[in-house]
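Notebook open, structure loaded. I'm jotting down what I looked up, in the order I looked it up.

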Amino acid sequence: MDQPALDGADSVADAPTEPPHEQRVAWAELFFDLIWVFAVTQIATALAGAHDIGEAARLMLLFMPLWWGWVGATLLANRAGDLVDRALGRVALFSVAGCGLLMSVAVGDAFGDRALVFAAGYVVLRLLLWAFSCRLPGGSARLRLEPFAVAAFVAAPLFLLGAFLEGPWRIAAWTAAALIELIAPRVLPAGLNHLRIETAHLPERFGLFLIIALGETVVAVGGQAAGIDLDGPTYAAFALAFLIIVLLWWTYFHYGAPAVRHSLEHSPEQARIVTDVFSYAHLIYVTAIIMIAVGLKKLLAYPLAVPHSFPELLLAPGVALYLFGFCYARWRMFGAATGQRSAAALACCAIAVAAPLLPAIATAALVLAVLLALNGYEAWIVTTHRSLPLLRLPRMARRETQL
């Protein structure tokens, strides 16, 4: 590490330095997250009743503005620093939380009578985020071509317009709005370069959202088990479900989360890490976990049955998507996906293909075997100090060899 410039005084050089201040998650942010706990539950509950992939896609379309609303509030809090736990910061978070609650309440009938409620809640949420961002140090009310402004004045009004349309036109308008929000950070990266990134706070916040999503799997499994008669197959399914949830946690928090923080701390392109790894990859993780929660709930309901409905088939593809998310994140961080996670994701794809022919408990057992093998192999790699098998991909040079 480079030594700091000295002014010639030995006493200054020998003086102890204060450790850098790390921004911690505020209590107001944890309260704010409670609203998104309810939002994830609403999405998962609706997905459990989906009849086909088209209906599932429409439901996940509703999750997009909820996700970007949470991301926007998190970036705002990260930029605000200690101000987020003062009166104005709390008012900002609670105002956005109220909009998120209104949107969550409307999820069940957002393509029906509550479309305007959902869209209006999102418009106000986005305008609030933009207004509060303008009040932060370095902010400006002058409109700039950056993601916050595009979301507030282009994507959100499209959601509002869609609420007044019917059928396919509403879906088209909302899809266009979701795509604008999705690509804005990618095509307007300069709009994020001015943001101050606190490298302890941001990984913690996104890790907490993973806990929210994993909490939904616990609620789905526990709630289903509490409402049915338990027998041998159900107890076995319960054990399989719990072990799968634990390994999902292990896959992210034991190896994935430290690599993300390392990348954020050492990358000269922090805005790219925020966009690609936090915003995009974590959207993949959370979407996958919602699918897994529904699949595990159906596993408890019909452990020995061969799946006959769309929600009953979501477990294996959900785990595959979750693992592919790590491949994408590591590629964007370090320029190469790891071979073991790519292989595990492909194995879950194969299980998903076979799942319609297998009892649900057999599918769960195979998925568990893949996760056990993956985490066991990674533990062996780390303890023996061996090199990772890497899949080098174009457009980025390899920088690190983190898991």
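**Entry 1: the whole chain**

I began with contacts, meaning heavy atoms within 4.5 Å. Among those between residues at least 6 apart in sequence, 80% join residues at least 24 apart. Before going on, I noted that this is a predicted model, where local features need pLDDT of at least 70, side-chain atom pairs count only at pLDDT 80 or more, and totals for chains, interfaces and linings use all residues. Residues are numbered from 1 along each chain as its sequence is written, and side-chain values use heavy atoms, with hydrogens and water left out.

Next I checked secondary structure: the protein chain has 13 helices and 2 strands.

How much of the chain is buried? I get 51% of the 403 residues. The cut-offs are under 20% relative accessible area for buried, over 50% for exposed, and partly exposed in between (1.4 Å probe, protein chains only). The chain exposes about 18000 Å², and carbon and sulfur atoms supply 67% of that. The areas come from the Shrake-Rupley method with a 1.4 Å probe; for residues, only the protein chains shown count as cover.

**Entry 2: the core**

I then went inside. A nonpolar core here is a set of buried Ala, Val, Leu, Ile, Met, Phe, Trp, Tyr and Cys residues joined through side-chain atoms within 4.5 Å. The largest one has 119 residues, and Trp36, Phe63, Trp67, Trp174 and Tyr322 touch the most other members. Helix α10 gives the most to this core, with 18 residues.

I picked Trp67 and listed its contacts, leaving out residues up to four places away in sequence. They are Phe206, Phe209, Phe278, Ser279, His282, Leu283 and Val286.

**Entry 3: salt bridges**

Side chains of opposite charge can pair when their charged atoms come close. My criterion was a side-chain nitrogen of Lys or Arg within 4 Å of a carboxyl oxygen of Asp or Glu. The search of the whole structure returned 8 salt bridges.

Which residues does Asp276 pair with? One partner is Arg186, with the closest N and O atoms 2.2 Å apart. That pair links distant parts of the chain, Asp276 in helix α10 and Arg186 in helix α7 (residues 167-187), 90 residues apart. The other bridge I noted goes to Arg332, at 2.8 Å from N to O. Here the link runs from helix α10 to helix α11, with the two residues 56 apart.

Asp276 is buried, at 0% relative accessible area. Arg332 counts as buried too, at 9%, whereas Arg186 is partly exposed at 37%.

Then I looked at Arg341 and Glu378, whose closest N and O atoms are 2.7 Å apart.

**Entry 4: the surface**

I looked for patches, which take residues with over 30% relative accessible area and no salt bridge; like charges are joined within 9 Å, nonpolar side chains (Val, Leu, Ile, Met, Phe, Trp, Tyr) within 5 Å. Phe31, Leu34, Val37 and Phe94 form a nonpolar one, with about 360 Å² of accessible area together. Helix α2 (residues 27-48) gives the most to it, with 3 residues. Leu34 sits in α2 and counts as exposed because its relative accessibility is 51%.

**Entry 5: two loop residues**

Where is Phe310? I found it in the loop between α10 (270-301) and α11 (315-334). At 21% relative accessibility, Phe310 is partly exposed. Leaving out residues up to four places away in sequence, Phe310 touches Ala50, His51, Asp52, Ile53 and Ala56. I also took the C-alpha separation of Phe310 and Gly295, which is 9.4 Å for residues 15 apart along the chain.

Last stop was His385, in the loop between α13 (360-384) and β2 (390-392). His385 has a positive phi of about 60° although it is not a glycine. With 72% relative accessibility, His385 counts as exposed.

Terms used: Helix = DSSP H or I, 4+ residues; strand = E, 2+ residues; numbered from the N terminus.
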